[in-house]
Amino acid sequence: MATDPLLTPFQLKHLSLKNRLMMTAHEPAYPEDGMPKALYRAYHVERAKAGIGLTMTAGSAAVARDSPPVFNNILAYKDEVVPWMRELTEACHEHGTAVMIQLTHLGRRTRWDKGDWLPTVSPSHRREASHRAFPKQVEDWDIERLIRDYADAAERMHAAGLDGIELQAYGHLMDQFWSPLTNTLEGPYGGDLDNRLRFTFEVLRAIRQRVGEAFIVGVRYTGDEMLAGGLTASDGLEISRRLKDSGLVDFLNVVRGHIDTDPGLTDVIPIQGMPSAPHLDFAGEIRREVDFPTFHGAKIQDVATARHAIASGKVDMIGMTRAHMADPHIVRKLMEGREEEIRPCVGANYCLDRIYQGGAAYCIHNAATGRETTMPHTLPEASRQRRVVIIGAGPAGLEAARVAGERGHAVVVLEAASDAGGQVRLTAQSERRREMMGIIDWRLARCEALGVEIRYNVWAELEDVLQERPDVVIVATGGFPAEDQPAVGSELVVTTWDMLSGHVAPGQRVLLFDDAGDHAAMQAAEIIAATGAELEIMTPDRTFSAEIMAMNLVPYMRALQRPTVTFTPTYRLKSVQRDGDELLATITSDYVSQDQSDLDHQRRIDQVVVNYGITPMADLYFDLKPHSRNGGEVNYEDLIAGRPQSTIRHADGGFQLFRIGDAVESRNTHAAIYDALRLVKDL
């Protein structure tokens with residue numbers, strides 16, 4: 001049998017990488033006080049144990065105090081980072097995994113009001129759109145200091161025993177020097193390409209003086225900014241040649257595009273519904289022309305694409321970073337012939353969007369990622385088998401069934417619909433979000449393999465559940481759209497669910513009122529706008545779609561940039577009434593006082609679509625409560641500490657009862673799956 005190309009070794013100078021799979025440098029925002037402590041280490045070690053060849057830590061570890069992270073990054077400018085990085089590296093080395101770190105100065109891609117409140121610096125005064133800070137243009141003494149900062153940080157990583165470093169040069173200080181759009185200096189660091197590259201090569205020479213020739217040094221950079229007046233593909237090829245010919249670097253890590261805006265960032269790191277591997281061919285062209293070790297990663301979410309990248313010789317190492325957040329055991333499963341069991345990355349980008357809003361990176365459907373110190377990726381068999389009845393086959397119910405099945409319990413799922421999926425199936429009706437069904441399909445496959453019984457078209461009632469003689473009942477019935485709003489005229493409106501399901505066709509003049517700020521409203525808006533209808537999207541918030549976050553919002557906004565679509569923030573739908581063949585919507589605002597009702601105004605339209613969020617569907621739960629041993633109570637101390645639920649409220653109760661996901665309150669898919677994992681893992 002032929003060897004899988006992904007499992008072949010790669011020799012990078014003196015470093016033997018045992019396979020071709022890597023996690024590219026990324027910052028999941030797990031540091032504590034800027035240090036990669038226990039959780040950070042556990043996250044990388046989990047992937048190392050499963051056999052990944054190379055793990056790159058710290059997307060953009062900061063080399064200087066005037067490069068303050070805008071989210072929780074490693075602070076490589078502190079000496080105390082050395083022992084923490086040494087612990088992480090040694091722990092990964094025990095499993096044969098190489099470890100590198102990405103070092104950077106953010107330049108203008110940060111803010112002056114972070115960290116120590118120092119001015120941001122860049123080769124021009126031009127502001128970056130994403131972070132909005134106007135930078136100071138670097139002076140000669142800044143450049144001397146910055147070169148020293150890079151070298152100091154590299155020396156720390158060498159002292160920590162890492163296998164190498166990677167310098168970040170797309171959207172950050174280094175390529176701000178490269179690009180004519182962000183470098184307005186005069187010589188010797190501005191002007192022609194030689195001058196614009198001078199800073200980079202002075203940094204590289206300073207690093208080599210500190211770490212020697214053996215230590216591996218690479219550069220992750222944009223080979224084409226894809227911006228008018230910016231670096232072109234021919235510039236990128238010339239820069240690639242010069243990096244190779246300098247003798248100062250050992251590998252190139254090629255990307256394409258720019259990250260100074262949300263749309264630009266999303267094109268560099270595409271999300272679901274966007275093309276897979278959009279820059280792989282470009283990276284392959286660089287490798288072919290330059291003939292030098294080349295790495296790449298950008299939406300390589302499946303093994304088939306990764307295998308093609310290596311087998312075709314396009315690159316030498318292929319990054320599957322978000323894929324390894326979804327499933328840290330990809331390499332082990334490949335080695336054991338279990339490729340079909342790999343949990344798929346569905347491209348929801350919950351991970352990246354969270355860090356850009358100041359949170360930690362979590363995978364939308366692997367709730368153990370980022371919680372490796374408290375949540376398991378593999379589940380041991382329970383000490384005694386129990387009969388577990390689960391109501392609902394949405395993401396929460398299926399995760400509960402999967403985890404219970406992995407633990408060896410006897411599991412039956414009762415689902416009212418003819419198919420599994422719940423709200424995820426509704427979401428996946430939109431072509432661009434069809435990948436979300438991977439969340440459901442993977443769990444269905446695991447449940448089948450584990451012997452979980454799923455009964456469809458069963459509207460479970462109290463007697464149905466009691467007849468199963470359960471030891472544990474988990475209600476995961478989800479919710480339904482709020483139907484009693486607005487207070488006047490609720491019978492005249494339709495919901496976003498009506499639009500997503502296709503039960504209601506879009507009108508010609510539509511008001512979409514979004515009081516929840518989630519995907520349902522924007523998906524409905526896409527459907528309506530695609531018909532050419534006049535659409536007004538209204539929210540009482542000061543920003544649109546607050547729950548969607550930046551990168552996920554980009555495809556929606558692209559679809560809605562039409563002259564027939566308008567956006568109205570800070571206004572609220574007050575009432576709807578019929579007026580002949582039209583609807584009359586009265587609009588108010590939370591920003592006006594009660595005695596200013598004369599400021600209310602009206603819209604004449606033919607359809608009102610509303611999104612007020614989800615109301616829990618919990619009638620069955622409350623019917624079951626009196627029959628349960630714990631009265632439905634979840635002991636939060638036990639839950640958080642990872643102990644079995646111990647509450648007894650009715651000693652003669654026949655079973656433990658819990659509810660999870662939207663059956664509790666309206667949240668999101670990740671929350672529903674996390675509810676299930678952390679409860680059921682201890683049954």
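These questions and answers look at one strand and at the cysteines of a predicted model.

Residues are numbered from 1 along each chain as its sequence is written. Because the model is predicted, local features need pLDDT of at least 70 and side-chain atom pairs count only at pLDDT 80 or more, while totals for chains, interfaces and linings use all residues, and side-chain values use heavy atoms, with hydrogens and water left out.

Student: Which residues point the other way from Val472 and Ile474 in strand 16?
Tutor: Strands are DSSP runs of E with at least two residues, numbered from the N terminus, and strand 16 covers residues 472-475. In a regular strand the side chains alternate between the two faces of the sheet. All of these residues are buried, meaning under 20% relative accessible area with a 1.4 Å probe and protein chains only. Opposite to Val472 and Ile474 point Val473 and Val475.

Student: Which residue in strand 27 is the bridge partner of Val472?
Tutor: Two strands pair if DSSP finds at least two bridges between them. Strand 16 pairs in the parallel sense over four bridges with strand 13 (residues 387-391), where Val389 stands opposite Val473. Strand 16 also pairs in the parallel sense over four bridges with strand 27 (residues 656-659), and there the bridge partner of Val472 is Gln656.

Student: How many disulfides does a search of the whole structure find?
Tutor: A disulfide is counted when a pair of cysteine sulfur atoms lies within 2.5 Å. For Cys345, the nearest cysteine sulfur, that of Cys351, is 6.7 Å away. For Cys363, the nearest is that of Cys345, 6.8 Å away. The number found in the whole structure is zero.

Conventions. Buried < 20%, exposed > 50% of the residue type's maximum accessible area, 1.4 Å probe, protein only.
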